[in-house]
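Me: I've got a protein model open and I'd like to learn how to read it. Could we go through it together?

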Amino acid sequence: MKALIENRKKRTERVFLVGVELKARNASETRDALEELAELAATAGGEVLGDGTQKLETPNPATYIGKGKAEEFAAHCRRQHVDTVIFDDELSPAQSRNLERIFNCKVLDRTALILDIFARRARTREGKLQIELAQLQHLLPRLTRFWGHLSRQSGGIGMRGGEGESQLEADRRKVSERIDKLTRDLDQVRQNRAIQRGGRKRQKWPLASIVGYTNAGKSTLLNALTGADVLAKDVLFATLDPTTRRLRLPTNQNVLLTDTVGFIRKLPHGLVEAFKATLEEVVEADLLLHVVDTSHPQADEQIAAVNVVLAEIGAADKPILMVFNKTDLLPNREVAGRFVEHHPHAVAISAATGDGLAALLAEIGTRLRPEREFVQVAIPHERADLIAKLHDVGQVVERRFYAKTARFKVRIPPHCHSEFAPFIVGDARKA
Ligand SMILES: Nc1nc2c(ncn2[C@@H]2O[C@H](COP(=O)(O)OP(=O)(O)OP(=O)(O)O)[C@@H](O)[C@H]2O)c(=O)[nH]1
Ligand SMILES: [Mg+2]
C-alpha cells in the first residue's frame with residue numbers, strides 16, 4: 001500500500017496543463033491560475049511543456065472541457081510525448097475516468113497535485129499521516145482499472161500508473177482498510193498533541209500565529225524575529241509542519257510565535273480537513289499575523305484566498321494584524337502605503353532587510369496587551385496560597401481584612417480568571 005503514494009522520482013515528467021475560462025472569469029484570471037498551476041507542477045518535479053484553455057459557460061459534467069477539445073489536446077499531447085495532464089480544478093471521479101480514456105495517459109487534477117506536493121514535504125509523523133489520509137480519500141472514488149493494481153505503481157506525480165482490472169475490488173478494500181487505520185493512528189497522535197497544548201496553556205503566554213499565502217515570507221519572518229532556523233525557500237509549500245518559538249517583545253511580554261503551512265487558492269477541502277489539527281495553532285491563536293507578499297501581482301487575490309481558508313477552519317473572527325512584506329521589492333513607498341491605508345493597524349515590513357520589524361513588534365505588543373479585569377475578590381484567610389498567587393499575577397489596588405476573609409480590589413489577567421472566579425464578589429469599578 002505504501003507504494004501507492006510513494007513518489008519515486010525516475011525522470012522528469014512531461015506535463016501539459018488544462019484550464020477553463022468560465023463565463024464568470026476573464027482571460028487574465030485564467031492565465032494567472034495556469035501560471036500558478038505551472039509553478040505547482042514544477043514544484044512537484046514536472047516539466048511543463050504547454051497548456052490549453054477553453055471558454056465555457058460551465059464545465060462539462062462528463063469531460064470537464066468539451067469532448068472535441070479534449071481529443072484535440074490529446075492528439076497534441078501524444079505528439080509531445082506528454083505523460084501527465086493536469087486540470088486546474090477538482091475533477092469528479094467520472095470526469096477523471098473519461099479523460100483518462102481520451103488522453104490515454106495519467107490525468108491529474110489540481111487537488112491531486114497539491115496533495116502530491118504536500119506528500120513530498122511532510123516530515124513529522126502527524127503530517128505524513130494527514131497527507132496519506134487526504135490522498136487516499138481523494139483516490140478511493142477514482143480508483144479505476146486505469147489505476148491498475150497497487151503493487152505495480154510506477155510512481156511520479158500523483159502516483160499513477162499500471163493496469164489491470166481484476167484487482168480493482170481488492171484494491172478498493174485495501175484502501176478503505178488503510179483509511180480506517182490512518183484515522184485511528186491520527187486520533188492517537190492528536191491526543192498526544194492535546195497533552196502538549198495543555199503544557200503550552202500552563203505557560204500562559206499569548207499565542208500569535210503567522211498565516212498567509214504560500215511563499216509570502218512567513219518562515220523568513222519567524223526566523224527574522226526569533227532567530228529560528230526554519231527552512232525559507234522560494235518554492236511553494238516549503239513549510240508544512242508548524243514551528244513555534246518564543247518571542248520576547250521590547251515591553252518584556254513573552255509571546256509564542258508559530259509559523260504554519262501556507263494557503264493557496266482552491267486549497268483542497270480534504271486537505272483543510274486533514275490539516276485542521278495542525279492548524280489548531282491558528283484556531284487557538286490570540287492574534288494572527290497575516291503576511292502578504294506585496295510584490296506579487298495577485299496580492300489582493302491572495303489576501304482573499306487566505307481569508308477563505310481562515311473562514312473554513314473557523315478562524316475568521318480572530319484578531320488579525322496585516323503584515324505587508326517584501327517592501328524591498330516594491331518600486332516605491334506609495335505601493336506599500338496603499339496596502340496599509342486599506343487595512344487598519346497594518347504594518348509594512350521587509351523580513352529580508354529587517355525594515356519595519358521594530359514597528360511590527362510594537363504593534364504585536366499593543367494587540368496582545370492582556371485585558372485585565374478589575375474585580376473585587378474575597379478569599380478565606382486559610383487560602384494563603386491563593387492570596388500569594390493573587391499578588392503574583394495581579395495588580396492589587398486595595399486590600400481589607402475581615403474576620404473570615406481578605407478582600408481585594410485587583411486587576412487580574414484573563415488566563416487567571418477561572419482560578420479566581422469562585423471568589424469574585426463584584427466589579428471593582430462599580431465599588
Ligand atoms: N526580497 C525579499 N524576499 C523575501 C522577503 N521575505 C521572504 N522572502 C523570500 O521569499 C521566499 C519565500 O519565503 P518563505 O519565508 O519560505 O515563505 P513562506 O511564506 O514561509 O512560504 P511557504 O512555507 O512555502 O508557504 C524566499 O525565497 C525568501 O527569501 C522579503 O522581505 N524580501
Ligand atoms: Mg514557510
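Reply: Helices (H or I, at least four residues) and strands (E, at least two) are DSSP runs, numbered from the N terminus. This is a predicted model, where local features need pLDDT of at least 70, side-chain atom pairs count only at pLDDT 80 or more, and totals for chains, interfaces and linings use all residues. Residues are numbered from 1 along each chain as its sequence is written, chains are lettered from A and ligands numbered from 1 in the order in which they are written, and side-chain values use heavy atoms, with hydrogens and water left out.

Me: Is Ser 209 buried or exposed?

Reply: Buried means under 20% relative accessible area, exposed over 50%, and partly exposed in between (1.4 Å probe, protein chains only). Contact means heavy atoms within 4.5 Å, and beyond its neighbours within four places in sequence, Ser 209 has contacts including Thr 258, Glu 281 and Leu 289. With a relative accessible area of 0%, Ser 209 is buried.

Me: Why is strand E7 largely enclosed by the rest of the structure?

Reply: In a regular strand the side chains alternate between the two faces of the sheet. In E7, Asn 254, Leu 256 and Thr 258 point one way, while Val 255, Leu 257 and Asp 259 point the other way, and all are buried. E7 spans residues 254-259, and it is largely enclosed because the count of buried residues is 6 of the 6.

Me: Let's move on to E3. Which residue in E4 does Ile 86 stand opposite?

Reply: Strand E3 (residues 84-87) is covered on both faces, with Thr 84 and Ile 86 buried on one side and Val 85 and Phe 87 buried on the other. E3 pairs in the parallel sense with strand E1 (residues 13-22) over 4 bridges, and Phe 16 has Val 85 as its partner there. E3 also pairs in the parallel sense with E4 (residues 106-109), over 4 bridges. The E4 residue opposite Ile 86 is Leu 108.

Me: Now the ligand. How far is an oxygen atom of ligand 1 from an N or O atom in the side chain of Thr 220?

Reply: A residue is near a molecule or strand if one of its heavy atoms lies within 4 Å of it. There are 23 residues around ligand 1, and Thr 220 is among those that come nearest, along with Lys 218, Ala 238, Thr 239 and Asp 328. For the side chain of Lys 218, an N or O atom is 2.6 Å from an oxygen of the ligand. For Thr 220, that distance is 2.5 Å.

Me: And which helix gives the most residues to the shell around ligand 1?

Reply: The helix you want covers residues 218-226 and gives 3 residues to the shell. Its name is H8.

Methods:
A polar contact is a pair of N or O atoms within 3.5 Å; within protein, one must be able to donate a hydrogen and the other to accept it, and residues adjacent in sequence count only if both atoms are side-chain atoms. Two strands pair if DSSP finds at least two bridges between them.
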